[in-house]
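I opened the notebook to record what I looked up in this structure. The entries follow in the order in which I made them.

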Amino acid sequence: KWKGEGTTLNLESIVIGRCYDYIRLVNPAVGEKNCSEIWEAFKNAFINKDPCSILPKDYELFISLSLHPIPPNKSLFWENNHLLVNSFADRGRRYMSLADTLFGFLGDFLNWCGQANSTGLDYESCPTTEECENNAVESFWRMASMTYAQHSSGVIHVLLNGSTVGGAYPQPGFFADYEIPNLQKDKISQIVIWVVDDLEGPDIDSCGTHTVKVLENRLNTLGYNVTCTDNYKSVMFLLCLDYPDDSKCTLSSSVCSVDGSPLSDG
Ligand code: NMN
């Protein structure tokens, strides 16, 4: 019926299991949360409704039950590098991206939708954002992104992909449309932008050019202290794990000769 993938099988078990994983192991600092109540609030946002009439505010109760503080200086916003951000953030140990908060963790990589006049989920297909933007998944991420931005503070990090066709800073996009407008200026000391190219990919966008320039101008106009770095070294090291022989991955060293054999000293 719809063009998108259907609800992820075992959705209820995954969401409830992820909730316990998060509060017990991933981030016990959030304290006690009622995982079955959180699942009920999540499900009630979209079951028994027209799958194209779900709004961000339908997730209000879900968000209020799963909300917790986001540590200052740990927020990591991004576009077009979901898997890289998941590894770099390291489940909140290095940075706390949206997918490392309880509310984002519960939905990461999942798909879901209900149907009108039925309490069942649709496992066959779900609407894509092209079919209707007010679908269960899109509205969930809009609400989650707005909440995440509102609760972010201190130094804000943004990891963009300089190899994306069309530019590193997409408009429309979650960051442009739901996160930037919800940042709380008085709580933010600086915005650090990192533009990292794919190792094998083209260099399409960089700090000070094309869409990154548009982003820098927008944030400066809003009054933020903005810095931008191309191919930030820590992220490069992570990319280089999979391509150790790439020319961008050579560790500078004075102790090895060009063929890799150690130089005799003296
Ligand atoms: O998924 P895109 O459109 O690239 O959006 C990324 C931005 O929006 C990030 O800044 C993120 O905070 C937020 N977002 C995250 C997820 C996720 O973690 N799975 C999904 C949708 C939006």
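This is a predicted model: local features need pLDDT of at least 70, side-chain atom pairs count only at pLDDT 80 or more; totals for chains, interfaces and linings use all residues.

I looked up the bridge partner of Gly114 and found Leu121 in S5. S4 and S5 pair in the antiparallel sense over two bridges; I count two strands as paired if DSSP finds at least two bridges between them. Helices (H or I, at least four residues) and strands (E, at least two) are DSSP runs, numbered from the N terminus. The two strands form a hairpin with two residues between them. Asn117, in the loop between S4 and strand S5 (118-121), has a positive phi near 60 degrees.

Residues are numbered from 1 along each chain as its sequence is written, and side-chain values use heavy atoms, with hydrogens and water left out.

Phe109 is placed in the loop between helix H5 (102-107) and strand S4 (114-115). I also recorded a cis peptide bond between Gln171 and Pro172, with omega about 5 degrees. Pro172 belongs to the loop between strand S7 (154-161) and H7. I marked these features because most residues other than glycine have a negative phi, and most peptide bonds are trans.

I traced five strands in the order S3-S2-S7-S8-S9, with parallel pairing. Strand S3 (96-97) and strand S9 (226-230) are the edge strands, each pairing on one side only. Strand S8 (residues 188-196) runs parallel to S9 and is joined to S9 by five bridges. In one of these pairings I found Val195 with Asp230 of S9 as its bridge partner.

Which pocket holds the ligand? The ligand sits in the largest pocket. For a pocket I used a 1 Å grid over the protein atoms alone, taking an open set of points where a 1.4 Å probe fits, with protein on both sides within 12 Å along at least five of seven lines. A molecule sits in a pocket if more than half of its atoms lie within 2 Å of its grid points.

The elements that give two or more residues to the shell are strand S2 (75-79), helix H6 (136-150) and helix H7 (174-179). S2 gives the most, with three residues. The surrounding residues include Phe77, Trp78, His82, Trp141 and Phe174; I required a heavy atom within 4 Å of the ligand.

I took a polar contact as a pair of N or O atoms within 3.5 Å. A polar side-chain atom of Glu179 lies 2.5 Å from an oxygen atom of the ligand, and one of Glu79 lies 2.7 Å from a ligand oxygen atom. An N or O atom in the side chain of Asp108 is 2.8 Å from a nitrogen atom of the ligand. Taken alone the ligand exposes 470 Å², of which the protein buries 86% (Shrake-Rupley method, 1.4 Å probe).

Terms used:
A polar contact is a pair of N or O atoms within 3.5 Å; within protein, one must be able to donate a hydrogen and the other to accept it, and residues adjacent in sequence count only if both atoms are side-chain atoms. On a 1 Å grid over the protein atoms alone, a cavity is a set of points where a 1.4 Å probe fits but cannot get out, and a pocket is an open set with protein on both sides within 12 Å along at least five of seven lines; lining residues have an atom within 4 Å of a point.
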